[in-house]
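Subject: Structure to look at

Hi,

Here is the structure I promised you. Have a look at it first, and then read my notes below.

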Amino acid sequence: MERKEIFEKVVKILTPHVKNQAALAGVSDATHILDELKVNSARLVDVVLAFEDEFDIEIPDEDVDSVNTVGDCVGLVLAKLG
Amino acid sequence: MAAQELRLRDRTALLLQREVGRLLAPLWIPVVIAVMRFGMGWRIEGKREARERFRALRRGSPGGLLVCANHLTMVDSFVIAWALAPAWWYVLHYGSVAWNTPERENFARTWPMRALVYVMKCIPVRRGGDRREVGRVLARFTWLVSRGEVGLMFPEGGRSRTSRVDTSATTYGVGRIVRALPGARVLCVYQRGNGQESWSDLPARGERFRVRVDELEPKSSRRGLRGSLAVSQQVLGKLAEMEQEHFHARA
């Protein structure tokens, strides 16, 4: 799976949880999920679980600590897909 | 970051914090409890049973103890501490004073506040902040409980906005800590003031609390985040059950 495709799927998964919809227009790897997209931190778990289902991967607890930006999510998924 | 990977610098800092708090314990612990009892006029029903269970668990859990409670006011951790043991007992058994992870904005905004929470075994955290920082706080907390200390967590991740235990809260911190500490015990605590209809900053003056405690051994065969989530859900389910008992007893 290509990085671009993963990026699009990650954004699609994030979208229902985004409170700042305007920030979605310019979303990039550097976009901060909590600070810019205003995703509630409690919803981050739902997001990561959705990654597991969508990409058929398993994400350990500790790896959630590395998720701050959209690019972090993409990198995490890529790493798990090997 | 797992507890065993905690840097030497972090471990040393935590041990230093513990010792500073322990040295000052004969001052701050009685003062805190006196403020609640005489200053605010609060009373707690069910203290005797709660204290017996807590002491028994402390004797039988060298692997540490995690106290998980419902959350309605900003001073719940103080009320719970008071419910679980008298001041003198904490002074003599300082390891039983629970470590806590209060919201930095609420409890550690200024230097005097930071100094106070430092002495009171707190590791402030910015909820919704940088995930790496939150992870480091969880790692420190886990390491402390693994050394036989008591830790206090609110599995809902914040005060109950619905005024009832929110079993739909998808927080995984408690599950993550429990799974990282195979020898640790979990004590669920449900406490609520009789006049506490909803969440608030402070309970009312003269409030009378009712406290319930019960031990739980949450488990999950699932791995990763889903396993931690499942464990957290079991703890929340237990607290919700205790809440039902609380209201049933009042009816």
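This is a predicted model: local features need pLDDT of at least 70, side-chain atom pairs count only at pLDDT 80 or more; totals for chains, interfaces and linings use all residues.

In our case, β2(B) (residues 65-69) and β3(B) (residues 150-153) pair in the parallel sense over four bridges. The pairing of β2(B) with β4(B) (residues 185-193) is parallel as well, over five bridges.

Now zoom out to the whole sheet. It is an open sheet of five strands in chain B, in the order β1-β5-β4-β2-β3, and the pairing is mixed. Which strands stand at the edges? They are β1 (43-45) and β3 of chain B; each has a single partner strand, so one side of each has no neighbour in the sheet. On average, neighbouring strands are turned by 30° against each other, if you ignore direction.

Next, what covers the sheet? Helix α3 of chain B (residues 76-84) lies across β1, β2, β3, β4 and β5 of chain B, and runs at about 110° to β4(B). Helix α9 of chain B (residues 224-250) packs on the sheet too, where it touches β2, β4 and β5 of chain B. The direction of α9(B) makes about 35° with that of β4(B).

Are the residues of β2(B) buried or exposed? Five of its five residues are buried. L65(B), V67(B) and A69(B) are on one side, with L66(B) and C68(B) on the other. β3(B) is covered on both faces as well: V150(B) and L152(B) are buried on one side, G151(B) and M153(B) on the other.

V67(B) turns up again in the largest nonpolar core, which has 40 residues. Among the members that touch the most others are V67(B), W28(B), F54(B), L84(B) and V189(B). Helix α1 of chain B (residues 8-39) gives this core its largest share, six residues. A second, separate core has 33 residues, including V11(A) and V70(A).

Setting aside its neighbours within four places in sequence, its contacts include V67(B), C68(B), L84(B), V213(B) and M242(B).

Finally, go back to α1(B). How does it pack against helix α6 of chain B (residues 111-119)? The angle is about 90°, with the axes 7 Å apart, so the two helices, α1(B) and α6(B), are roughly perpendicular to each other. On the α1(B) side, residues including L16(B), V20(B), L24(B) and W28(B) meet V117(B), Y118(B) and V119(B) in α6(B). By class, this contact has eight nonpolar residues, two polar ones and no charged ones.

Happy browsing!

Methods. Residues are numbered from 1 along each chain as its sequence is written. Chains are lettered from A and ligands numbered from 1 in the order in which they are written. Side-chain values use heavy atoms; hydrogens and water are left out. A nonpolar core is a set of buried Ala, Val, Leu, Ile, Met, Phe, Trp, Tyr and Cys residues joined through side-chain atoms within 4.5 Å. Buried means under 20% relative accessible area, exposed over 50%, partly exposed in between (1.4 Å probe, protein chains only). Contact means heavy atoms within 4.5 Å. Axes are lines fitted to C-alpha atoms, for helices over the stretch in contact, and angles run from 0 to 180 degrees between N-to-C directions. Angles under 35 degrees count as roughly parallel, over 145 as roughly antiparallel, 65 to 115 as roughly perpendicular and the rest as oblique. Ala, Val, Leu, Ile, Met, Phe, Trp, Tyr, Cys and Pro count as nonpolar, Asp, Glu, Lys and Arg as charged, and the others, Gly among them, as polar. Two strands pair if DSSP finds at least two bridges between them.
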